[in-house]
Amino acid sequence: MTTDANIENRITLPTVPASLSGAVEVAPAAPLPTGALPAGEVVFSARGLTKTYGSGNVLVHALRDVDLDIYRGEFIVLLGASGSGKSTLLNILGGLDVPTSGEVRFGDRVLTEASESELTTYRREHVGFVFQFYNLIPSLTVRENLALVTEIAKDPMPIDEAIDRVGLMPRRDHFPAQLSGGEQQRVAIARAIVKRPAVLLCDEPTGALDYLTGKLVLEVIARINTELGTTAIVITHNAAIAGMADRVIYLGDGRIQKIETNSHKISPSELSW
Ligand code: ADP
Ligand code: MG
């Protein structure tokens, strides 16, 4: 249940989006007339987000006029058919891509006015990414894979703390090839959170995993969201995990079809699909 008290608690957690160096600071975006949820701090605010690929008469409309606010500490599940624009939306929020038109703010910073190097800084300091494939360096151990991040992060958590949070302490000196797919994905999650990002963006993190392993990975993401207050947005094809979210956003043909607010959040271990 996402009560106001929960939101209050989350607001006190130390994951304030810090400054996006160099980007222009401006007045907050006009609030969306949604009514439902939440009274917390807005982490992402998107207005009129449009992404079009191609040109002439071969245009692909990946996103069409998307308006969306994401609040601090939320667990968001993004659902939609293949090609509905989920990855495009996540990539734009994460500063990996830019929209054709529209505006995205991260806190009070306008990402859509940021230069490429400012977006690089934004990603490095504030965003943890988890993708379907783990992208670990095969010649480095678990700890060494995380060290690649902590060496350039501003205020990382201890490497062992991140590894412990995903339950892999006994495996910390192993190489990726010595780990199962689910374990490798948990390393990828540890690598994403070790820099204490404000947001954790996961694009089909269980896409390559079997049922039980996928569930375990989702449990880890849910626990990170709860324990660290990290705002999490998770893309999935699997409607059954929607019960884990504070809000479920349904995308279809580049538009938000509906947004559901869960009054009772299911813990990942209660899920069946
Ligand atoms: P989803 O993640 O929901 O499967 P995407 O956001 O990846 O959807 O893609 C939305 C639409 O945009 C699809 O029709 C896809 O083919 C198209 N698209 C995505 N990326 C590109 C690209 N780089 N060039 C051309 N079309 C793209
Ligand atoms: Mg996708």
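**Entry 1: the ligand shell**

I started with the shell around ligand 1, which by class has 3 nonpolar, 7 polar and 1 charged residues; here Ala, Val, Leu, Ile, Met, Phe, Trp, Tyr, Cys and Pro count as nonpolar, Asp, Glu, Lys and Arg as charged, and the others, Gly among them, as polar. I note at once that this is a predicted model, in which local features need pLDDT of at least 70 and side-chain atom pairs count only at pLDDT 80 or more, while totals for chains, interfaces and linings use all residues. Residues are numbered from 1 along each chain as its sequence is written, and chains are lettered from A and ligands numbered from 1 in the order in which they are written.

I then listed the residues that surround ligand 1, namely Y53, V60, A62, G80, S82, G83, S84, G85, K86, S87 and T88, where a residue is near a molecule if its C-beta atom, placed from the backbone, lies within 6 Å of it. Strand 2 (60–71) and helix 2 (86–93) are the elements that give two or more residues to this shell, and helix 2 provides the largest share, 3 residues.

**Entry 2: overall make-up**

I counted 7 helices and 10 strands in the protein, taken as DSSP runs numbered from the N terminus, with helices being H or I of at least four residues and strands E of at least two. Of the 273 residues, 44% are buried; a residue is buried if 20 or more other C-beta atoms, placed from the backbone, lie within 10 Å of its own, exposed if 12 or fewer, and partly exposed in between. Among contacts between residues at least 6 apart in sequence, 74% join residues at least 24 apart, a contact being two C-beta atoms, placed from the backbone, within 7 Å.

I traced an open sheet of 6 strands in the order 6-7-8-3-9-10, with mixed pairing; two strands pair if DSSP finds at least two bridges between them. Strand 6 (127–130) and strand 10 (255–261) are its edge strands, each pairing on one side only. From one strand to the next the twist averages 15 degrees, with axes fitted to C-alpha atoms, for helices over the stretch in contact, and angles running from 0 to 180 degrees between N-to-C directions.

Strand 3 (residues 75–79) and strand 8 (residues 231–236) run parallel and are joined by 5 bridges, and the partner of F75 in strand 8 is A232. Helix 6 (residues 181–193) packs on this sheet, touching strand 6 and strand 7 (199–203), and its direction makes about 170 degrees with that of strand 6. Helix 7 (residues 211–228) also packs on the sheet, where it touches strand 3, strand 7 and strand 8, at about 160 degrees to the direction of strand 8.

**Entry 4**

Which residues of strand 7 lie on each side, and are they buried or exposed? I found V199, L201 and D203 on one side and L200 and C202 on the other, all buried, and both faces are covered. Strand 7 runs parallel to strand 6 over 4 bridges, with G128 paired to L200, and parallel to strand 8 over 5 bridges, with C202 paired to V234.

The largest nonpolar core has 68 residues, and those with the most contacts inside it are V77, L78, I189, A190, L200, I221 and I233; such a core is a set of buried Ala, Val, Leu, Ile, Met, Phe, Trp, Tyr and Cys residues joined through C-beta atoms within 7 Å. Leaving aside residues up to four places away in sequence, I221 touches I189, L200, C202, P205, A232 and V234.

I followed a second open sheet, in which 4 strands stand in the order 2-1-4-5 with antiparallel pairing. Strand 2 and strand 5 (109–110) each have a single partner strand, so one side of each is left without a neighbour in the sheet. Strand 1 (residues 42–53) pairs with strand 2 in the antiparallel sense over 8 bridges, and V42 has Y71 as its bridge partner in strand 2.

**Entry 3: positive phi**

I looked up two residues other than glycine with a positive phi, D65 near 55 degrees and E204 near 50 degrees. D65 is in strand 2 and is partly exposed, with 14 other C-beta atoms within 10 Å. E204 lies in the loop between strand 7 and helix 7 and is buried, with 21 other C-beta atoms within 10 Å.
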